[in-house]
Amino acid sequence: MSRTVLITGATGAVSTALINALEGAEVDLRALVRDGSKAAGPRERGAEVFVGDLDDARSLPPAFEGVRDVWLLTPNGPRAPEHNMNAVWAARQAGVERVVRLSVVGAAHDAPNRSGRLHALSDRETERCGMRWTILRPHWFMRNLLNEAGDIAATGTFSLNMAAARIGMIDVRDIAECAARVLLDDPDRHHGQTYTLTGPRSLTFDEVAAHLSLALGRPITHVPVSDDAKRKTLLGYGVPRWIADMLEEYAQAYESGWGDFTTDTVAELLGRPARDIADFARDHAAAFVSAD
């Protein structure tokens with residue numbers, strides 16, 4: 001009998017990649033979306049779509065009814081623990097068997113950033129939820145580089161406020177495939193586990209620029225900027241102030257060496273090495289090219 005898996009955050013990058021990774025598996029996919037106008041993507045991938053909002057506990061029961069496994073992804077923000085609480089409550093009320101939660105790298109009550117501390121609260125709640133649980137804590141997403149695609153296409157440069165930080169960055173596709181592996185395995189196999197997911201090596205952004213240069217066939221340069229300069233740019237693009245603050249806190253932590261590590265967890269879960277930055281640059285080269 002197929003298990004019903006509910007995917008929260010179903011239109012975001014990680015959950016979309018997870019839906020792709022579960023394609024063809026013997027599970028019944030269900031997707032939770034906040035905006036019904038964005039339901040086409042999950043529906044086209046074979047998911048039954050429910051409209052609901054983790055911000056509104058009363059909207060959740062229909063989506064959770066009959067679900068065995070929940071992929072729990074809460075949006076970054078000061079109310080993230082409340083959103084996690086609403087989902088865990090709905091899951092418990094519906095008799096869900098397992099929760100697989102997307103946390104963040106270094107989540108802890110003494111993390112050097114508010115996001116890590118908020119996620120630690122939700123991790124702790126998940127651990128005490130009374131259901132089987134697994135927590136994934138991925139490192140910095142290679143996909144974040146796509147935010148710099150416009151500048152790279154136009155000027156051959158990208159600017160970040162992390163100086164010479166080394167980071168064990170990871171491809172979102174690997175996060176999704178690890179999540180799929182956990183969800184497809186027996187619920188007891190990964191129960192009680194917290195997996196920190198990284199890429200195969202720790203990289204500076206100068207090294208990232210070198211790989212982008214090879215993939216694109218033209219010079220790409222990383223130009224370090226100050227926290228204030230990056231913050232001004234983010235706010236100019238309409239990024240909420242809380243998110244800009246969060247990104248600055250992460251940047252400062254990474255610059256101090258906090259992100260300079262890797263694990264073998266992706267290889268252990270998937271039986272193959274994690275994707276390298278060279279793979280990411282090659283596979284996403286078109287995104288960094290001007291449409292003109």
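The structure discussed here is a predicted model.

The pair formed by α9 and α10 packs at an angle of about 150°, and the two axes lie 10 Å apart. The helices α9 and α10 are therefore roughly antiparallel to each other, and the crossing of α9 with α10 is right-handed. On the side of α9, the contact is made by Asp227, Arg231, Leu234 and Leu235; on the side of α10, Arg241, Ala244, Asp245, Leu247, Glu248, Ala251 and Gln252 take part. By class, the residues of this contact of α9 with α10 comprise five nonpolar, one polar and five charged.

Arg231 belongs to helix α9, which spans residues 227–236. Is Arg231 buried or exposed? Its relative accessibility is 19%, and because buried means under 20% relative accessible area, Arg231 counts as buried. If neighbours within four places in sequence are set aside, Arg231 is in contact with Arg241, Ala244, Asp245 and Glu248.

Helix α10 also packs against α5, with an angle of about 100° and axes 8 Å apart. That angle makes α5 roughly perpendicular to α10. From α5, the residues Arg114, Ser115, Gly116 and Leu118 meet Trp242, Asp245, Met246, Glu249 and Tyr250 of α10. This contact of α5 with α10 divides into four nonpolar, two polar and three charged residues.

Helix α5 (residues 114–127) has a further partner in helix α4 (residues 80–94); the two pack at an angle of about 20°, with their axes 8 Å apart. This makes α4 roughly parallel to α5, and the crossing of α4 and α5 is right-handed. Here Ala80, Pro81, Asn84, Met85 and Val88 of α4 meet Leu118, Leu121, Ser122, Glu125 and Thr126 of α5. The residues of the contact of α4 with α5 are six nonpolar, three polar and one charged.

The description now turns to aromatic side chains. The structure holds four aromatic pairs. In one of them, the rings of Tyr250 and Tyr254 have centres 6.1 Å apart and planes at 25°, so this pair is stacked. Both tyrosines, Tyr250 and Tyr254, lie in helix α10 (residues 241–255), where they are four residues apart, about one turn of the helix. Tyr250 and Tyr254 are both buried. Tyr250 also pairs with Trp258: the ring centres are 6.2 Å apart and the planes stand at 50°, so the pair is tilted. With 10% relative accessibility, Tyr250 counts as buried, whereas Trp258, at 25%, counts as partly exposed. Together, Tyr250, Tyr254 and Trp258 form one aromatic cluster.

Attention may next be given to helix α1 (residues 13–21), in which Val14, Ser15, Ala17, Leu18 and Ile19 are buried. Which elements are included in what covers the buried residues of α1? The cover includes the strands β1 (3–7), β2 (27–33), β4 (69–72) and β5 (98–102), together with the helices α2 and α7 (172–184).

Helix α2, one of the elements included in that cover, spans residues 40–44 and contains Glu44. Glu44 has a relative accessible area of 70% and is exposed, because exposed means over 50%. The C-alpha atoms of Glu44 and Ala229 are separated by 41 Å, and these two residues are 185 apart along the chain.

A last point concerns backbone geometry. Most residues other than glycine have a negative phi. Ala163 has a phi near 50°, a positive value in a residue other than glycine. Ala163 is placed in the loop between β7 (157–158) and α7, and at 31% relative accessibility Ala163 counts as partly exposed.

Methods. Residues numbered from 1 in each chain as written. Predicted model: local features only at pLDDT ≥ 70, side-chain atom pairs only at ≥ 80, totals over all residues. Heavy atoms only, no water. Buried < 20%, exposed > 50% of the residue type's maximum accessible area, 1.4 Å probe, protein only. Contact = heavy atoms within 4.5 Å. Axes fitted to C-alpha atoms, helices over the stretch in contact; angles between N-to-C directions. Parallel < 35°, antiparallel > 145°, perpendicular 65-115°, else oblique. Left-handed = near helix turned anticlockwise from the far one by under 90°. Nonpolar A, V, L, I, M, F, W, Y, C, P; charged D, E, K, R; others polar. Phe/Tyr/Trp six-rings, centres within 6.5 Å; stacked < 30°, edge-to-face > 60°.
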